Amino acid sequence: MRKLLGVFGAICGATAVLAGPPEFQLEIRDHLFFPAELVVPANTKVRLLVINADPTAEEFESYELNREKIIPGGRKAVVFIGPLAPGEYPFFGEFFPKTAQGKVIAR
Amino acid sequence: MLLTTVVLVLREMLEAALIVSVLLGWSVLHGRSRRWIGVALVTGIAGAAVYAVNAAAVSEWFDYVGMEVVNAAMQFAVCTALLVLAARPAARAATWPMLVAVSLAVVREGFEILLYLSGFVADRGAWSTVALGSALGAGIGISAGALLFYLVVGLRRVRALRVAELLIALFAGNMAAQGVLLLIQADWIPGGVQVWNTAGLLAEDSVLGQLLYALIGYEATPSIWQVTAYAGVFCLLFVFFLRRPTRADGNGSGP
């Protein structure tokens with residue numbers, strides 16, 4: 001019985017690790033963020049995959065999310081955010097802040 | 001684009017200029033040669049170029065959080081170098097920990113500026129604006145560093161040493177907290193609870209907020225682990241610095 005429980009526990013643990021935090025995608029194109037408004041679940045840690053489709057580097061930055069991350073041109077990178085209280089969290093591209101603006105909405 | 005460039009270059013320059021001027025002041029106060037600073041700057045700029053060239057590859061390490069891990073490692077190395085500097089009164093004027101701290105600080109800040117500038121290589125029309133912005137940002141940053149240097153070395157020696165010690169301890173605490181934040185961002189360590197929220201009182205994106213961020217690592221919404229790392233390293237350095245050199249150390253500010 002204990003052996004069986006152990007196996008069950010191991011499977012549960014492995015599933016949790018494999019599943020990980022839910023993933024959301026953000027794309028940078030022509031110095032704009034797509035989507036410009038990203039809805040994520042509140043009170044949950046989220047894996048944000050940022051794909052930079054521009055040839056130039058960009059820095060994903062947000063004072064509200066406490067995040068700052070460079071994504072080289074034509075590459076992708078991962079930023080973990082949250083768990084967030086419900087609300088809006090603006091972010092911007094520090095290299096092209098005039099156009100690269102967006103916000104995370106936690107619901 | 002001009003303003004964006006000035007702000008970006010200045011932000012990166014301020015943090016590096018702070019540690020450069022404080023450690024340069026420190027070696028002058030200890031009567032050491034300033035020659036190490038040239039070696040540190042050249043090493044740092046070369047390192048920044050190597051990092052910028054390999055940024056794309058590094059970025060994809062460790063399941064796309066490579067930059068966080070590498071940058072955190074650099075922050076902790078700066079922190080360790082400053083702890084080594086403070087740990088033994090006899091070794092307070094050793095140049096190699098200062099060389100390590102300054103060159104890594106320059107790698108970190110310089111790499112970001114180089115990646116930003118690399119975006120304009122193909123855009124000839126933007127060159128003059130970006131060059132002017134960089135020159136302005138760098139000029140203001142270097143001036144701020146020079147001002148701090150002369151403020152520190154201009155004080156009476158004992159007071160100057162205390163001020164430099166305080167600034168070094170604050171800087172090391174800031175590096176530890178930034179390193180921890182990077183590991184939280186990479187999901188290598190848990191986020192922990194938010195200790196305070198002073199965004200309403202002093203926004204991080206305000207001019208004062210930015211300045212305090214560069215000087216002492218001000219955060220409007222820090223995690224418990226950032227605060228712990230900051231306070232821990234700051235206190236440790238503070239305690240180390242309290243141990244005054246004795247005459248037996250042969251390096252004292254003795255009679």
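**Ground rules.** I number residues from 1 along each chain as its sequence is written, with chains lettered from A and ligands numbered from 1 in the order in which they are written. Since the model is predicted, I keep local features at pLDDT of at least 70 and side-chain atom pairs at pLDDT 80 or more, while totals for chains, interfaces and linings use all residues.

**Chain B, overall.** I looked up the secondary structure and found ten helices and zero strands in chain B. (Helices are DSSP runs of H or I with at least four residues, strands are runs of E with at least two, and both are numbered from the N terminus.) The pattern along the sequence reads α-α-α-α-α-α-α-α-α-α.

Next I checked the dimensions. The C-alpha atoms of chain B fill a box of roughly 60 × 45 × 35 Å along the principal axes.

Of the chain B contacts between residues at least 6 apart in sequence, 78% join residues at least 24 apart. (Contact here means C-beta atoms, placed from the backbone, within 7 Å.)

**A helix pair in chain B.** How do α5(B) and α10(B) run relative to each other? The axes of α5 (residues 66–87) and α10 (residues 224–242) of chain B come within 8 Å and cross at roughly 20°. (I use lines fitted to C-alpha atoms over the stretch in contact, with angles from 0 to 180 degrees between N-to-C directions.) So α5(B) is roughly parallel to α10(B), a label for angles under 35 degrees.

From α5(B), the contact includes B:Cys79 and B:Leu82; from α10(B), it includes B:Val233 and B:Phe240. By class, this contact has ten nonpolar, no polar and no charged residues. (Nonpolar covers Ala, Val, Leu, Ile, Met, Phe, Trp, Tyr, Cys and Pro; charged covers Asp, Glu, Lys and Arg; the others, Gly among them, are polar.)

**Where A meets B.** The contact takes 18 residues from chain A and 23 from chain B. On the chain A side, β7(A) gives the most, with five residues. That side divides into eleven nonpolar, two polar and five charged residues.

Note on methods
Contact = placed C-beta atoms within 7 Å. Parallel < 35°, antiparallel > 145°, perpendicular 65-115°, else oblique.
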